[in-house]
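We will go from stop to stop, with something to select at each one.

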Amino acid sequence: MEHSTCGIPNVAVTLLTKHDGGKLVRQKARAPVPKHRRVLLCFTLVRQGKRYCSLAELLEDAFAAGTKEVEIVSSGGEVWGEKWSIIRRKFGTSTVVGEEMKIPLVRAKQLLERGGNFRVAPIVKRDSARSRGKGYLRLLLEIPRKQAELKFFDVTKLVFLYRCAREFKTKTTRRTLKEKIAAVIRKKTGVNIRLKVNVGVKFSHQLRKTRIHDTVVLCMEKSRVHPVLKMVLRHRVRVVWKKNSTVKQVLTNHRKSAREASAGCTCSKDQLPRVDGHVLARVTQCSMTPDFLHNGKNVLQSGAGTRPTEVQQAVNRSLGVVMRRDLFQVADPSMFQEIASDRAETRPAGSEGQAREIAARLSHLVVVPVDRNPGDLVVMCPWTYHHSLMMMFNLNVAYQQVSEKSEKEVMTQVRTEFKKQALDKIGAWNPTARLGQAYVLPKHKDLTRWRPIAPATTEGSKTAGRRLARALNFLLERVPKAKHFNLKATAMLKQNLEMAGKRLNIFGDDTMALMASYDIKEMFTSLPHEAIQRAVDWLLQRWELRGVFKLSLSRRGRVMTLSQKSPGPGYVKVKFSQIRQMVGYELENTYIMCRKVILKQVVGIPMGKNSSPSLACVLCAKHEVDFINSLGADQRLVHGVRLVDDVTLRLPVT
C-alpha cells in the first residue's frame, strides 16, 4: 500500500515557505537554464566492467583486494561523486598513467575530467593519523589491561584518541571507547568532554542569541582549562531558547487541589455564575481577566530571564555541568551588558506577571482546563471539584480503597510482581516510579459532566506498557482472515471511505448510503477484565494458528518484525506468552492516588495508561469480527469505521 506525503493518499501537497530566500535566490530562479549541463563523473573497471561514481570507493575496493594497479575508463564530466580532498588525502601519491603523460593522482583532476582510458599504478594509500589511532583503540578493546596506560598520556593525546573513536562503525563500540577516554580526561582535568555547553535561556525578543553565545565562549577562554579542551568546548556551545509559560500553566491549579484530602466552599463572596449554589463559570465570564488570558494556549511574555544577572546564572549553571566550579568564573557583570537589545519593539502579548496576579486572585477557587478543548478554562468552587472527584473515583464501584498499605508498600508489591513474572525483559522498571495522581476535567458541551483521568506517566512499567501497546496495534492491524472496523490513524480515513464508495457502486446508480455514527460512552472505565483477556487471547491465537509465536520491536523508532530470529541488539524479542502475562499484570496492578487515598481499579482500564487504547481496540475488534461473521452473505452490505470509541456504520439503501 502506497502512502503519500502527510499520510493522505492521492492528495497533492504544496509546501509554503515563510520567505522566498532573498534577492540572489530570485535572480537565480529567473536566470535562463544553461544549455550545457554539468555531468556526473563515472569510472568503469576495464576487466570487471563494474561502474563506480566514486573514485575513492573504486580504489578502496582494489586496495582491499590486494591489487597493485587497475585500468579504468573515465566517462568525463565536472561533478565528482565525493570531495576531491578525500581522494587527494587517501590516494594522492598514487600514479595515474595516461596516453601521453604520467603524473601523480593529486595533480590528475583535470585529466580525469576530460575522460579517457587510464591506468593507476601503483595504488598507494596513505594512512591518516586517525587510522593509526584507531589501531591503538582496537588494542584497548582486545587487551583490557592496556586501558591502565591511558592515565599516563597527556591531555592532547587523550583528546586525539577520543576523536579517533569516530572511525569505528558500530555505535556501541564508539560509545564504549568515548566513555573510557572521557573518564580519564575528567579525572585528569575536571572537564567532562562528553557533554555540550547547553545554555538554556527563556525566550525574549529583546535578547540577542549570538551575543550570549560569544559571551559563553569568552568565559571559557578565561577559564583555567587546557587549551586543547578549550578548542573542543568552543565548538560545543549551544544557546537554547526555553519555552515561556502559557496561560493554562500559570492559571490552572486543579492538580494541586486534587492532592488535598478535602475542601470546603470558598465561593460565597464571588460574583460569578453559579450552578447548584456554587461557582461554575468559564474564564471568559470573569470580568477581572483580560482578553489575552481567555485562551489557555496563549504564550505569555516573560520579563524574567532578560536581565543580565539571570543570563549570567544560566551560563554559570551550564559551565558547572561540564567542568569543575574552580576552573571558571563568570562573576564579571560587564560581560553581559550587551546581550539585550534596546531597539526591540514592544509586543502586545500578555505578561507573565499580569497572569500571576490573576492567578493569585483566583487561588481560593479551582481553575481547570476543559476536556478536549485545552484553550478553554473553567473556574469553580473547590467543593464542586472535590465532589466530582469522589463521584468519579472514591465512591465509584470500579475502584476499591486500599487502606492497610502505604504508597511505598504498594510500589514494592507491584515491583516484586513485575520482577517475578520476568516482565523486565520487555521493558526496564522505572526506578523513580510512584502512583499517579487522579483528576477530572469538565466536558466542553456540559460543564456538569466529568471525564476521569488516571495518569500513568510515573508508573514503573510504562516502558513495557508502551511496547505492549505497539505489539498489540501491530498484530491487530495485520491479523489474518479477520474483518473489523478498527482505524489505525485518521490519515487513513480518506482511503477507507474511498474503498467503501467503490463497494457501494456494485449495487447500481440508484443506491444510496445510510450512515450512522455512534459514541461508546465511558468505554475505558466499563470494560470487564475477563473480556479484555479473552480478546487478547483471541488475537494471539489467530497468529499462533499460522505458526507465529513472537515478534521483535525496535528499542528506538517504530520498526516491528515477525521473523523467528531477532534482527539485532537494537530490538526486543517479545513472546506471545509474555504479552498474555503483561496484559494480566496491567489489569491486576492498576493503582492510583485520589484525595490522598490509594485506590485499586477492579473494573475497566485507566484512561492515562499507554496500553489502554490498544486493549480497548482489541476488545472492540473481536466483537466486530463476531458480528460480521454472523451476517453470512450479507457481510458485503456492511462497512464500518471505528477510531477507538467513535464508530460509523454504512449500509446501502435502494
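A disulfide is taken here as a pair of cysteine sulfur atoms within 2.5 Å. By that rule, the count is 0 disulfides. A word on the source: this is a predicted model, in which local features need pLDDT of at least 70 and side-chain atom pairs count only at pLDDT 80 or more, while totals for chains, interfaces and linings use all residues. Residues are numbered from 1 along each chain as its sequence is written, and side-chain values use heavy atoms, with hydrogens and water left out.

**Stop 1: a cysteine**

Select Cys594 and Cys381. The closest cysteine sulfur to that of Cys594 is in Cys381, 17 Å away, which is too far for a bond. Cys594 has 0% relative accessibility, so it counts as buried (buried means under 20% relative accessible area, exposed over 50% and partly exposed in between, with a 1.4 Å probe and protein chains only).

**Stop 2: helix 6 and helix 7**

Next, select residues 155-164, helix 6, and residues 171-189, helix 7. Helices are DSSP runs of H or I with at least four residues, strands are runs of E with at least two, and both are numbered from the N terminus. The two axes come within 9 Å and cross at roughly 160 degrees. Axes are lines fitted to C-alpha atoms, for helices over the stretch in contact, with angles from 0 to 180 degrees between N-to-C directions.

To see the contact (heavy atoms within 4.5 Å), show Val155, Leu158, Val159, Leu161 and Tyr162 of helix 6 with, among others, Ile181, Ala182, Val184 and Ile185 of helix 7.

**Stop 3: the other side of the packing**

Stay on helix 6 and colour its buried residues: Val155, Leu158, Val159, Leu161, Tyr162 and Cys164. They pack against helix 5 (129-142), helix 7 and helix 9 (227-234). The axes of helix 6 and helix 9 come within 9 Å and cross at roughly 35 degrees. Here Val155, Thr156, Val159 and Arg163 of helix 6 meet Val228, Leu229, Met231 and Val232 of helix 9.

**Stop 4: a strand residue**

Finally, select Val239 in strand 8 (residues 237-242). Val239 counts as buried, at 10% relative accessibility. Beyond its neighbours within four places in sequence, Val239 is in contact with Val199, Lys209, Ile212 and His213.
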